[in-house]
Amino acid sequence: MGVVDTVSWYLESARRIFRIRREMNRYLDEDSDMSSFLTVDDGRLWLAGGIDVVPSTDPMWGALIQALVGAHGPAVIKPIQDVYREVGSRHGKLLKYLFSPEQQGRIFDFYSDIGYANAPYLLAGTVEDLRRIEDVGTEIRDDDELIVAPIRNASETHGVKSIGLDLTFPCCIFEPCFAQGVFEQLLDRPVYMEEKRCEGKGDDYCLYVFGLGERGRQAVKAFTSLSEEVTFPEDAARDTVSPEQVDDMLRDYVSQHPSADEMLELGSDGLELMGVPTFPFLIEAWGSIITGLMDTLGQSAIRSGHDTYRELGIRHGTAVSDCSPEEYSRLITLWEHVGYYTIDEITVDGTSVTVQELLEHLDNETAPTFSIQITDSMTARGLREHRRTTVYPACIFESAYLEGVFAARHPRDISVTEKTCQARGDNHCTWQYHVTDD
Ligand SMILES: [Zn+2]
Ligand SMILES: [Zn+2]
């Protein structure tokens, strides 16, 4: 990156932090509700005026966990947890310097509001004596050893349940580790975390136990379960939307032609895309996952999700496979509109074509190879947020998803190779698709 790029990156970052701070202040002071807090601008969804958000459904997060665990075993959970602890720590620093202690406690309501998890209350104290607290920012005492959080419908457990995955180990990643990093900053102590129960392995709720300081570390080990019965507010529980319902909604979408903006709304359970509860997958968080995988498992780990994303593309593509090329092309542009990628150009035999023309080529079997030039894929943007580059092309999620979408419409096999990639430092990403005879 040159000097000019670096300077403009810092300026843009400063502007974003200013916007986020202003908007977050309004939210945390309860001057604005969540719906005024979400904006669709420039074809993308923004939180607080400056946080770039890609809505990603819970089933997709579940599928990602499934793919990673399938490829690397349960040990893969730990390095990703470390990444989220780091993300939480960064947010915690911002919270500490930008917001008052009263406002800091509300940040957890914020994540609950946008649909990450249902956390009815927190407890703090010692193993023998826990009391309910409202606010981590103001109510933790020096002699407290534990913070205990009963949780239902965390994004991971909702995700693995919605794809019917049964696990034998606790699987929560984002919520407990993000909170762990935030607590470390706000309380200025090392914080240890163990998940004592998890819905992902069949428990009726998840139980995150945080130990504060060295005594807390021992206390976490000694802690077994809550003596009280936990009741969760019913209205915050998310219904599981079946894959068939999602397919129906996709079909409605491609045939009724609403704009992408209309498909996004704030429902009672947080942000919804086509009526499906989604949790906003921050571009930065996506970059963190990729970065964490590369650092702990090597760059080839990026590829572990390929088959899962292809499957997802096939399922979405199959749901609308009997639609016209014009309608089908709306599936491809839907994901462009919500911010997964921007399509610059599609070429068949060196000739530029529209999405619709490409689909007609596929229907007529007249495009043995085609290329799609992309800028600003979610992966490339996520890595840019972390100022990281890769050695190999990295946009597995986006290119494999489209591979599945195309394969669903074509009777023969389709495979993709990413030839150039912005994450590697190229000017854009180029995904080359090959149609092969079985
Ligand atoms: Zn859990
Ligand atoms: Zn790429």
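Predicted model: local features only at pLDDT ≥ 70, side-chain atom pairs only at ≥ 80, totals over all residues.

Student: Which domains does the assignment give for the protein chain?

Tutor: The chain has domain 1, covering 56-236, and domain 2, covering 299-436. Their centres, taken over C-alpha atoms, are separated by 35 Å.

Student: How many residues of each domain are in contact with the other?

Tutor: Contact here means C-beta atoms, placed from the backbone, within 7 Å. By that criterion, 8 residues of domain 1 meet 4 residues of domain 2. On the domain 1 side that touches domain 2, 6 residues are nonpolar, 2 are polar and none is charged.

Student: Now the sheet, please. In what order do the strands of the open sheet come?

Tutor: Read it as E5-E4-E6-E8-E7, 5 strands with antiparallel pairing. Strands E5 (130-133) and E7 (191-197) each have a single partner strand, so one side of each lacks a neighbour in the sheet. On average, neighbouring strands are turned by 25 degrees against each other, direction ignored.

Student: What joins strand E4 to strand E6?

Tutor: Between E4 (residues 122-125) and E6 (residues 146-151), which run antiparallel, there are 3 bridges. In one of these strands, E6, Leu-146 is the bridge partner of Gly-125.

Student: Which strands does helix H7 lie across?

Tutor: Helix H7 (residues 174-187) lies across E6, E7 and E8 (206-212), at about 150 degrees to E7. Helix H8 (residues 213-222) also lies across E6, E7 and E8, running at about 145 degrees to E8.

Note on methods. Residues numbered from 1 in each chain as written. Chains lettered and ligands numbered in written order. Pairing = 2+ DSSP bridges. Helix = DSSP H or I, 4+ residues; strand = E, 2+ residues; numbered from the N terminus. Axes fitted to C-alpha atoms, helices over the stretch in contact; angles between N-to-C directions. Contact = placed C-beta atoms within 7 Å. Domains from an automatic or database assignment. Nonpolar A, V, L, I, M, F, W, Y, C, P; charged D, E, K, R; others polar.
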